[in-house]
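I open this notebook to record what I looked up in the structure shown below. The entries take up a sheet, a chain contact and a pair of domains in turn.

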Amino acid sequence: MLFNSIGFLIFLPIVFCLYWFVFNKKFQHQNRLLLLASFYFYACWDWRFLFLLMFSIGLDYVSGIKIENSKNNREAKFWLTLSIVINLGFLGFFKYYNFFVESFADLLSSFGFTVNVWLINIILPVGISFYTFHGLSYVIDVYKKRIKAERNFTDYAVFVSYFPLLVAGPIERATHLLPQIQRKRVFNYEQAVDGMRQILWGFFKKMVIADNCAPLVNEIFNNYQTETPVNLAIGAVLFAFQIYGDFSGYSDIALGVSRLFGIELLKNFSFPYFSRDIAEFWRRWHISLSSWFRDYLYIPLGGSKGGLPMKIRNTFIIFLVSGFWHGANWTFIIWGGLNALYFMPLLIMNKNRQNLEVAAQGRLLPSVKEIFQILITFSVTCIAWIFFRAESVSQAYHYILRICSVELYSVPHNLPVKVFGLIGFMMIVEWINREQFHGLEIKRYMPWVRRIFYLAVIYIILRYANFGNNEFIYFQF
Amino acid sequence: MKKFLFKIAPYFAVVLIVFAVLGSYADGNTDDDYMHFAVEKPQNIILGDSRGAQGIVPSVLKEKLAVPFDNFSLNIVYSPYGQIYLKALKRKLNPATKNGIFILTVNPWNLSLNHIVKKKEDFPEEKSPLKNMYFYDMSPNYEYLLRNYTKSWFKIYTDREEAGRSNTFLHKDGWMEVDVNMNKDSVAARTALKTKEYRDMMENYNLSDERLKALNDIINYLKDKGTVYLVRIPTSKNITEIENEKFSVFNDVMKEISQKHHLKYYNFAGQYNEFQYTDGNHMYRDSGKNLSARIGDSIRSDRKN
């Protein structure tokens, strides 16, 4: 079930009303309702994979208890390893089997051996990368004694399968979400109203920005061999906004929906395109994944303790793994590697933590230096996005090669003025609210200003949105 | 909680009212299929793909046969012969139908399948509105607009018929009237493109057992409710030649089906020189009227006998 579908517009009010009016006596009843609703939400996509989700939940639930009950560290380690191997085994099979087989065959053929590879037509279970990481973080946290193992199966199952975050995150931590599931939720008017604002802004970003950029981007990337350099550059910029609108829009809807149920999820985006360097960008883009890799990969690898060479090695590892997490294609790995390269100058000069506050904090406009920094960061990000979007490394390479031409400085034909106007509107609104929790957090304004603004955003959605029930990009990951 | 619901309700009300008002303007300009789902259930029907949609004019048939017709032909992707089309037909046709006249336009393509398609889920019509629609006679049909209309609903209002007909206008009787530049060079350019497209398709398409079975099922369903006619609509010389080359047995297959079910098969393919086409594949509107009159005459003489 997609957030931007009629089914969800019917599903959400029903679950909301049952949650607050029928099952509100005990939070345990509410949790059972959330679990049923989440399973139904997932089954709407493909009920067969519900069993895989249930198996993953059961495995980590049992592993957590076994780890906690272990008499010695060896036993605990066994259960941790078992959980990690099985979880990653499923992920590897469904997501990476064909990639490894094909890459192995390519490698052999480069040595002159011809092999007939056995590829499988596998359907990738939606959300598998996300719920696998939920489960992994839980068992690792139990092993590290950061949390106690959850004994209530329903509570644990809700933690993994909670429908707002089930298919595309944010990737939650047991330490953050489980305590909220284990206590009584009280309806909070301010939280619910702000949740609705966030949902509205999420729909705007998805249906107006991402879905209007998508056909233009597809057209340009599909015809990159004949498009002019300036149009190719426009295609890369539009894709940057498409993926931002798509994924941050999804996250806004997920967070907003969850707030209607009295549950706060981790913030996933914090105005990344206003970043002044790539380190700041990665503190603001897909925050839940970046912090997951920091806590469960970068730090266990030694983090920044071992001096500069160690920092460089570990940074490359997490970016490459992050790229690989996105998909079984060399394009994603190069995308990750490219971002690691961007990171290097900051790391070497020890300037990767210099922009911790939002740009132009406390001021309306940025300085010339900040504008310059923001534009440079955005430009290099766009180059990396070309790899992310391209079908193959060769396509991305030729795409970039064609951009690097003097013809880049020419007048574009068929400039999508309407789409750039809508992007401009989004960026202005987000700039104004960049110090807030989300892009439409406007409770500080007078009620009549807010109402006019809500109606304006609703009007823009109705006027310019694409109502084609377009899938979210991150569903494929 | 009450305060929250009270505050958000007006916004939902505004959105619903806007949708309701905009949807009420939906007409034959809205898109190429909407009107098929927003008219009364017919008793006499025309089936097929875009050749049928543009080539058979129900109003001409009505003049000839004195009964109203509905052209329920969409296009080659949405309405090739298949189980989805049969299911849609059952919902579309007036359940009280007796002594109806059913014209099934056939050609090699709407009875073929790309050889790469192996599973039912990959059939092209799986994404057709015929698959997801329940109501076929609701006006305005909000179900259709919510499920299948992907543009902004403001476009329904700005592009309404009153503001000027679009180049592809779907009449209430299901006839798709196409208004294009019929200048000789434009037609030649479009024909060349279409011919190339069909020549490319030729490599990958074969007559499909599933589609032929569905055609038989549709005939079996309809022949209890009236008289069924199979009609092959002509195309330009180039495309006819491609079809004869690739599907040399097609006419024999159709004759066999018609004999099996004791129904008439009118094959106009050989008369391709007597009509004008917009792109070699689809009949120009005046030629469509001419062809419809010929079909009407043939059916009338059959019913007299």
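**Entry 1: terms and conventions.** I count two strands as paired if DSSP finds at least two bridges between them. Helices (H or I, at least four residues) and strands (E, at least two) are DSSP runs, which I number from the N terminus. The model is predicted, and for local features I require pLDDT of at least 70 and for side-chain atom pairs pLDDT 80 or more, while totals for chains, interfaces and linings use all residues. I number residues from 1 along each chain as its sequence is written, and I letter chains from A and number ligands from 1 in the order in which they are written.

**Entry 2: confidence.** I looked up pLDDT, the predictor's confidence in each residue, from 0 to 100. Chain B has a mean pLDDT of 94, with 100% of its residues at 70 or more. For the model I noted ipTM 0.80 and pTM 0.87.

**Entry 3: the sheet of chain B.** In chain B I found an open sheet of five strands, paired in parallel, in the order β2-β1-β3-β8-β9. The edges are held by β2 (70–71) and β9 (264–267) of chain B; each has a single partner strand, so one side of each is left without a neighbour in the sheet. I then followed strand β8 (residues 226–232) of chain B, which runs parallel to β9(B) and is joined to it by four bridges. B:L230 has B:Y265 in β9(B) as its bridge partner.

**Entry 4: helices on the sheet.** Axes are lines fitted to C-alpha atoms, for helices over the stretch in contact, and angles run from 0 to 180 degrees between N-to-C directions. Helix α12 (residues 285–304) of chain B lies across β3 (100–105), β8 and β9 of chain B, at about 155° to β9(B).

**Entry 5: chain B against chain A.** Which chain gives 15 residues to the contact, and which gives 16? Chain B gives 15 and chain A gives 16. On the side of chain B, helix α1 (residues 2–23) of chain B supplies the largest share, seven residues.

**Entry 6: domains of chain A.** An automatic or database domain assignment sets the bounds: domain 1 of chain A is 6–186, and domain 2 is 190–276 + 355–476. Their C-alpha centres lie 29 Å apart. I recorded 16 residues of domain 1 of chain A in contact with 17 residues of domain 2 of chain A. On the domain 1 side, α1 (6–22), α7 (163–166) and α8 (174–181) of chain A each give two or more residues.

Definitions and conventions:
Contact = placed C-beta atoms within 7 Å.
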